[in-house]
Amino acid sequence: MESDTVLVTGGAGFIGHHLTSTLLSQGRKVKVLDDFSSGTELPTHPLLTVIVGDMSESSVREEALHEVKSVINLAAIASVPLCESKPKLSSRVNYLAAQGLFKDAFRLGVSTIIQASTSALYGVPNELPLTEKSPTKPIGNYGLDKQKAEESLLSFHEHPVCALRLFNVFGVGQKRDSPYSGVLTIFSDNINKNLPLKIFGDGHQSRDFIHVNDVVSAFILCLNDLENNGTNSKVSGKKFNVCSGNSVTLLEVIDSFSSFTNTDIEVNFESPREGDILHSLGSFEFLNNQIDWKPSENFTERLRELL
Ligand code: NAD
Ligand code: UD1
């Protein structure tokens, strides 16, 4: 009998926890491959198997890919500054391990693969909002390695594949005590602990924050479409922005947090971070046209949930 299992690499990470629990709740069998370098323990579930290992090792990939129908590749070094300080690690995990995974997967009979790509591929934009037709010119190791991984997957034209270029994902469940987490998690954690916030730059940099539940729904809609329609799927062979279509500055975010807590929040300004872009804003029209995906419109409410 054909396997129904989805392999989620990096399934113990922030997005992975949310994606895995949704797939399980829909009755899918899930295998998670994670080395727990930034992941955290997953609740046990009868349909869940967890393999602890490094995706860079081919023997680990082979074990994980055994009797798998589809793969969602989330495993990565997701922090821009960490990839800047550890270029070899970035290249090994974000590019080479991903490329190895795609090759091994198709060799072993996997049908469908989705890659967690990133808006970092666009680098410093010429104009906003960014569409999938905007030029890609990443400015740091993270964006460069993720670009090579995306190109590698999309070169498998004869298989149902797609890449989702996630913008800045936020929501509960991101590691709270890590300097490598996203800015909204770091800010909310510091506010809860009554610690001052650090802004790298002047705080006028802006990001398009997309809620993790919206990201999960994009992955699952694409997965179902690719599994049902193969290379005839409207998403097959393509890359899509997964974003909210709105952007806010860090100073605006801090104003919102301040109004939730009814206090002044202490902020220290430091030099801008290496490899940082100033502004990011995406258009989600393409994905919306293909499979009717749309982000939710409740940023302020979702922001409040972080506290
Ligand atoms: P995360 O760090 O929480 O999750 C990544 C997971 O990969 C972790 O559980 C980690 O332990 C695992 N991992 C790392 N190296 C591994 C290896 N060699 N072998 C096996 N597992 C390994 O990050 P996240 O925010 O959940 O990001 C998931 C994916 O989405 C990443 O590919 C990231 O590049 C992409 N992405 C994230 C965002 C965001 O804002 N969070 C935005 C764009 C793209
Ligand atoms: C984030 C993701 C990355 C993803 C990209 C897509 C994380 C950790 N990184 O990178 O995986 O591919 O979005 O666009 O989720 N900042 C501060 N103070 C802090 C922390 C950050 O001022 O304490 C600033 C940063 O300098 C940056 C902005 O906040 O200007 C956002 O930083 P961060 O949340 O790390 O996200 P990105 O670098 O955009």
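## Basis of the description

Because the model is predicted, local features need pLDDT of at least 70 and side-chain atom pairs count only at pLDDT 80 or more, while totals for chains, interfaces and linings use all residues. Residues are numbered from 1 along each chain as its sequence is written, chains are lettered from A and ligands numbered from 1 in the order in which they are written, and side-chain values use heavy atoms, with hydrogens and water left out.

## The shell around ligand 1

Around ligand 1 there are 28 residues, of which Phe14, Asp34, Ser38, Tyr142 and Lys146 come nearest; a residue is near a molecule if one of its heavy atoms lies within 4 Å of it. By class, this shell holds 15 nonpolar, nine polar and four charged residues, where Ala, Val, Leu, Ile, Met, Phe, Trp, Tyr, Cys and Pro count as nonpolar, Asp, Glu, Lys and Arg as charged, and the others, Gly among them, as polar. Helix 1 (14-25), strand 5 (112-118), helix 5 (141-154) and strand 7 (168-170) each supply at least two residues of the shell, and strand 5 gives the most, with three residues. Helices (H or I, at least four residues) and strands (E, at least two) are DSSP runs numbered from the N terminus.

## Salt bridges

The structure holds twelve salt bridges, each defined as a side-chain nitrogen of Lys or Arg within 4 Å of a carboxyl oxygen of Asp or Glu. Arginine 92 pairs in this way with aspartate 54, the closest N and O atoms being 3.0 Å apart. The pair links distant parts of the chain, 38 residues apart, with arginine 92 in helix 4 (residues 87-107) and aspartate 54 in the loop between strand 3 (48-52) and helix 2 (58-65). Arginine 92 is partly exposed at 36% relative accessible area, as is aspartate 54 at 23%; buried means under 20%, exposed over 50%, and partly exposed in between (1.4 Å probe, protein chains only).

Within helix 5, aspartate 145 and lysine 148 are three residues apart, which means about one helical turn between them, and their closest N and O atoms are 3.9 Å apart in a salt bridge. Aspartate 145 is buried at 6%, whereas lysine 148 is partly exposed at 36%. Elsewhere, Arg61, Glu62, Asp104 and Arg107 are linked in a network of salt bridges.

## The setting of asparagine 94

Asparagine 94 is placed in helix 4 and is buried, with a relative accessible area of 2%. The side chain of asparagine 94 reaches the backbone nitrogen of isoleucine 77 at 2.8 Å. Leaving aside residues up to four places away in sequence, asparagine 94 touches Ala76, Ile77, Cys83, Leu89, Tyr142, Asp145, Lys146 and Ala149, contact meaning heavy atoms within 4.5 Å.

Technical notes: Polar contact = N/O pair within 3.5 Å; in protein donor to acceptor, adjacent residues only side chain to side chain.
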